[in-house]
Amino acid sequence: MSENQKLPPIGYVRNEDLFVITYIYVIFGAITLFLNIPLAIYLLKTTNKNQKELIVIIALALSDTTCAGQFLAMGIYRFLVWFNDVFFITQAACNRNVIVASYQICIQMDNYFTLAISFDRLFAVLFPVRYNKCGPGYTFFLITSPITASLIGYGAHLLVISLSDPKFVDEICFNFLVILPGFRDYMAFLRMFCVLIPTLIYFFIYIRMKFKFQRYGNSNAVLSKGMKHLTKTVAYITLASVFLVLIPEIWWYFRLFGGMDASFYFMFILLKKIVTFFIHTIRHRELMKHVEKILPKKFSKMIHLDTQSQSVVSKVKVLREVSHPMTTTVAGRKNFVSEQLKLLCEILLIIAVPRENLAPKDKHSNVRRLPEADSFERKIQKVDR
């Protein structure tokens, strides 16, 4: 037995309720890894370095993958330690443990990524021309700055706890035992701050983009189509963080309504990462196609049908914005509504009629081409050009 290790006090028994958190770590960590590893690998292989919107998603997917792997590793570590003989080690030794250190770094990194990407979206909205000129160096800074800030936070806490008088705790290293109270407050307020500030930023972006559209119509004065799509995607992720991170954090930290059980608290944190995966794939057609290849044929047909209908709707939306500028007169609004009804009928026609029935009439075929579909496809071709 080393000098940093000693036997537990007489009569010491580990709290069995804390062992439930281990199941949360293993189950939800494994699910998050299963979802995010294929996504991250696919994006790393197929993404061009100039595609900023997908590079940001790669960073978020890798952050979620790293955190999920850390939670899974922590769960396995606690399973192994729980059934061994109980020993006490110093707080500094616990913080030097790879599992505990990676937990502190990943929690901070996840929060800083949310904050950094919200400022990136704000920069893109306020200065779109300057943003489009930013090269790979800017993207590298955007990705590495949260990691650097997390390492600085962990290093500062380890330095303080190493210089303090040694305190012995259970070698299973429960988080509430190995983290100093001041650092625990810092992590709690960091999590709240890094969700609340992005929420306010995306609310400002929404108001600004809405104002720009009303003033200029469908112009490129604000953002390109890909950048707008990414802004909405990370806004949805932040909205999920409000319900799965901010509210549970306030509930747990301030002990509202008697406080929240720690197992539910960590379950919400990991559940947010699972929700983030589905937001990424549903919002981006390239990722949906990748998911379609993995799933069984029955599910992939449903996804393929949904993506085709989304494609038709998006093209009609662009056609509507190009063909119909914003009108303020009563007559203009009536014409606008009537045109929208016509376009809606054309969408339903495209979805309802099988694709082979929309093909040109062949000499050896009795299939007629519907004139409504023909006129609509000509409009679509103009939009594509």
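User: Which ring does the charged end of Arg130 sit over?
Analyst: That would be the ring of Phe127, with the charged end 5.3 Å from the ring centre. Keep in mind that this is a predicted model.

User: And Arg14, what ring is under its charged end?
Analyst: Trp82. The charged end of Arg14 is 5.7 Å from the centre of that ring.

User: OK, rings then. How many aromatic pairs are there in the whole structure?
Analyst: A search turns up 19. One of them is Phe123 with Tyr131, an edge-to-face pair with 5.6 Å between the centres and 75° between the planes.

User: Is Phe123 buried or exposed?
Analyst: Phe123 has 19% relative accessibility, and the cut-off for buried is under 20%, so Phe123 counts as buried.

User: What about Trp251 and Phe257, how are their rings arranged?
Analyst: They're edge-to-face as well, 6.4 Å centre to centre and with 85° between the planes. Trp251 is partly exposed at 33% relative accessibility, while Phe257 is exposed at 77%.

User: Which residues do ring pairs link into a cluster?
Analyst: Tyr25, Phe71, Tyr103, Trp252, Tyr265 and Phe266. Some of those names come back in the largest nonpolar core: Phe71, Tyr103 and Phe266 are among the residues touching the most other members there.

User: Which helices supply at least two residues of it?
Analyst: Helix 1 (20-46), helix 2 (52-82), helix 4 (98-126), helix 8 (181-216), helix 9 (225-253) and helix 10 (262-283). The largest share is from helix 2, which gives 13 residues.

User: What other core lies apart from it?
Analyst: One of six residues, including Ala92, Ile105, Tyr154 and Leu158. Tyr154 and Leu158 are also listed among the buried residues of helix 6.

User: Let's look at helix 6. How many residues does it have, and how far does it reach?
Analyst: Helix 6 runs over residues 136-163, so 28 residues by the DSSP assignment. From first C-alpha to last it reaches 40 Å, close to the 40 Å expected at 1.5 Å a residue.

User: Where does helix 6 bend?
Analyst: At Thr144, by about 30°. A proline, Pro146, follows within four residues, and Pro146 is one of the buried residues of the helix. Others that are buried include Thr139, Leu142, Ser150, Gly153, His157 and Ile161.

User: Switching to cysteines: how many disulfides does the structure hold?
Analyst: One. Cys94 and Cys173 form it, with their sulfur atoms 1.9 Å apart. The pair links distant parts of the chain, 79 residues apart. Cys94 is in helix 3 (residues 91-96), and Cys173 is in the loop between strand 3 (168-170) and helix 7 (175-178).

User: Why is the disulfide left-handed?
Analyst: Because the torsion about the S-S bond of Cys94 and Cys173 is about -85°.

User: Are those two cysteines buried or exposed?
Analyst: Both Cys94 and Cys173 are buried.

User: Then why is Cys106 in no disulfide?
Analyst: The nearest cysteine sulfur, that of Cys67, is 4.1 Å away, and a disulfide needs the sulfurs within 2.5 Å, so Cys106 doesn't count as bonded. Cys106 is buried, at 6% relative accessible area.

User: And Cys194, what's its relative accessible area?
Analyst: Cys194 comes out at 1%, so Cys194 is buried.

Note on methods: Residues are numbered from 1 along each chain as its sequence is written. This is a predicted model: local features need pLDDT of at least 70, side-chain atom pairs count only at pLDDT 80 or more; totals for chains, interfaces and linings use all residues. Side-chain values use heavy atoms; hydrogens and water are left out. Buried means under 20% relative accessible area, exposed over 50%, partly exposed in between (1.4 Å probe, protein chains only). Rings of Phe, Tyr and Trp (its six-membered ring) pair if their centres lie within 6.5 Å; planes under 30 degrees apart count as stacked, over 60 as edge-to-face and the rest as tilted. A charge sits over a ring if NZ of Lys or CZ of Arg is within 6 Å of the ring centre and within 35 degrees of the ring normal. A nonpolar core is a set of buried Ala, Val, Leu, Ile, Met, Phe, Trp, Tyr and Cys residues joined through side-chain atoms within 4.5 Å. The expected span of a helix is 1.5 Å times one less than its number of residues. The bend at a residue is the angle between axes fitted to the seven residues ending there and the seven starting there.
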